[in-house]
Amino acid sequence: MDGILETTKFVVDNSKYVKINKNKIRDFLKNFGESHINHWLNESPFDFSKLSNKEKLHFLLVCNSISFSYWGEPKWEVEYKGEKFDGAWGMIASIGKSIENKKPILNPNYLKGISEKELKEILKGNVIIPLFESRLKILREIGSILIRDFDGDFDKLIKQSDGDALKLLNLIIKHFPSFNDFSPYKGKTIYFHKRAQLLISDIYQLFNGKDYGNLKNLDKITACADYKLPMVLRKLGILEYSKELSEKVDKKIEIVKNSEEEVEIRANTIWAVEFIKQELKKKNSGINSIHINDHLWLLGQIKSPKDKPYHLTRTIFY
């Protein structure tokens with residue numbers, strides 16, 4: 001299979017709507033280094049230390065399976081421990097709260113037969129979460145596949161990877177169809193695999209590179225092409241949108257899934273981070289794309305009234 005970098009580079013080289021400003025990358029690097037590295041789950045509203053290693057592993061699988069497409073008016077949000085959370089934090093809070101309420105959300109047998117009513121209760125917020133039916137279907141599929149292929153234990157898939165992040169990526173995509181994230185572009189197939197790569201990054205970082213997180217080839221894992229990264233990269237001037245695309249994004253006009261505009265936003269996001277990493281490597285830095293990814297994502301959580309919106313695409317992939 002052609003890789004993510006190879007196929008997305010074709011998009012970058014042929015982009016009409018999105019460009020990467022390398023001068024702005026140099027500006028960014030003047031104020032970025034090892035001290036800025038912080039895994040996004042370190043800021044999580046849920047305390048993972050309460051879980052066993054296998055529970056952490058299943059938590060990451062369940063969460064990354066259904067963590068996508070949160071935008072809307074109003075945006076879905078949940079209450080947890082007296083605070084309100086939306087987006088990925090809201091999903092983590094919802095799963096964490098269900099565990100604290102003794103719901104077996106990490107058990108594949110429960111997931112396999114989870115009812116609409118049960119999931120609505122778990123994801124209960126101010127509004128029904130977008131793509132609810134898709135999330136329900138995916139959780140049932142995850143539970144069924146874990147039972148059928150891995151005796152209900154995600155640990156067994158991890159062990160098949162022999163500690164290789166790329167092999168693990170291919171195993172996740174092979175066994176769980178909802179993680180197989182690709183798009184057509186000018187007659188070619190472009191691979192992104194955002195949620196699968198984030199799952200691998202989360203496993204590595206939550207386990208501090210030990211146990212399940214003891215993975216090689218992590219430098220081959222790319223940035224995760226989502227909403228927040230391109231928004232932040234655009235704010236930094238690293239991503240530049242055409243006038244036509246800028247107007248759509250700023251007016252919150254939905255960008256159609258698999259349109260050239262959407263594919264170009266995602267591909268250029270991956271390569272903007274790749275170019276940042278390449279510059280850092282010249283200084284013998286150990287910073288990889290996953291570290292830059294988390295830094296940019298966390299920057300996106302710092303909201304300002306002057307911020308321009310992120311692009312809106314309704315999809316299960318991010």
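This is a predicted model: local features need pLDDT of at least 70, side-chain atom pairs count only at pLDDT 80 or more; totals for chains, interfaces and linings use all residues.
N258 is found in the loop between α12 (243-250) and α13 (260-281). The structure holds one cavity of 30 Å³ or more, and the largest cavity has a volume of about 350 Å³. About 410 Å³ of space lies in the largest pocket, and about 240 Å³ in the second largest pocket.

- N258 has a phi near 70°, which is a positive value in a residue other than glycine.
- N258 counts as partly exposed because its relative accessibility is 33%, and partly exposed covers the range between under 20% (buried) and over 50% (exposed).
- V256 counts as exposed, since its relative accessible area is 55% and the cut-off for exposed is over 50%.
- V256 and N268 are 12 residues apart along the chain, and their C-alpha atoms are separated by 17 Å.

**Other backbone features**

- The peptide bond from E73 to P74 is cis, with omega near -5°.
- P74 of this cis bond sits in the loop between α3 (53-66) and β2 (77-80).
- K81 has a positive phi, near 55°, and is a residue other than glycine.
- K81 is placed in the loop between β2 and β3 (83-86).
- K81 counts as exposed because its relative accessibility is 57%.

**Largest cavity**

- The lining of the largest cavity consists of 24 residues, and those nearest its centre are Y70, A88, D226, K228 and W297.
- Four helices each supply at least two residues of this lining: α4 (87-100), α10 (194-206), α11 (228-235) and α14 (289-300).
- By class, 13 residues of the cavity lining are nonpolar, five are polar and six are charged.

**Largest pocket**

- The largest pocket holds about 410 Å³ of space and is lined by 16 residues.
- K75, K252, K303, P309 and Y310 are the lining residues nearest the centre of the largest pocket.
- The lining of the largest pocket is made up of eight charged, five nonpolar and three polar residues.

**Second largest pocket**

- The second largest pocket holds about 240 Å³ of space.
- Of the 12 residues that line the second largest pocket, G3, I4, L166, L169 and K220 are the closest to its centre.
- Helices α1 (4-13) and α9 (165-175) each supply at least two residues of the lining of the second largest pocket.
- This lining has six nonpolar, four polar and two charged residues.

**Nonpolar surface patch**

- L236, L299 and I302 form a nonpolar patch on the surface, and together they have about 240 Å² of accessible area.
- I302, one of the patch residues, lies in the segment after α14.
- I302 is exposed, because its relative accessible area is 57% and exposed means over 50%.
- Helix α14 also supplies at least two residues of the lining of the largest cavity.

Key:
Residues are numbered from 1 along each chain as its sequence is written. Side-chain values use heavy atoms; hydrogens and water are left out. On a 1 Å grid over the protein atoms alone, a cavity is a set of points where a 1.4 Å probe fits but cannot get out, and a pocket is an open set with protein on both sides within 12 Å along at least five of seven lines; lining residues have an atom within 4 Å of a point. Grid points are joined across faces, edges and corners, and a volume is the space filled by probe spheres set on the points. Ala, Val, Leu, Ile, Met, Phe, Trp, Tyr, Cys and Pro count as nonpolar, Asp, Glu, Lys and Arg as charged, and the others, Gly among them, as polar. Patches are made of residues with over 30% relative accessible area and no salt bridge: like charges are joined within 9 Å, nonpolar side chains (Val, Leu, Ile, Met, Phe, Trp, Tyr) within 5 Å. Accessible areas come from the Shrake-Rupley method with a 1.4 Å probe; for residues, only the protein chains shown count as cover. A salt bridge is a side-chain nitrogen of Lys or Arg within 4 Å of a carboxyl oxygen of Asp or Glu. Buried means under 20% relative accessible area, exposed over 50%, partly exposed in between (1.4 Å probe, protein chains only).
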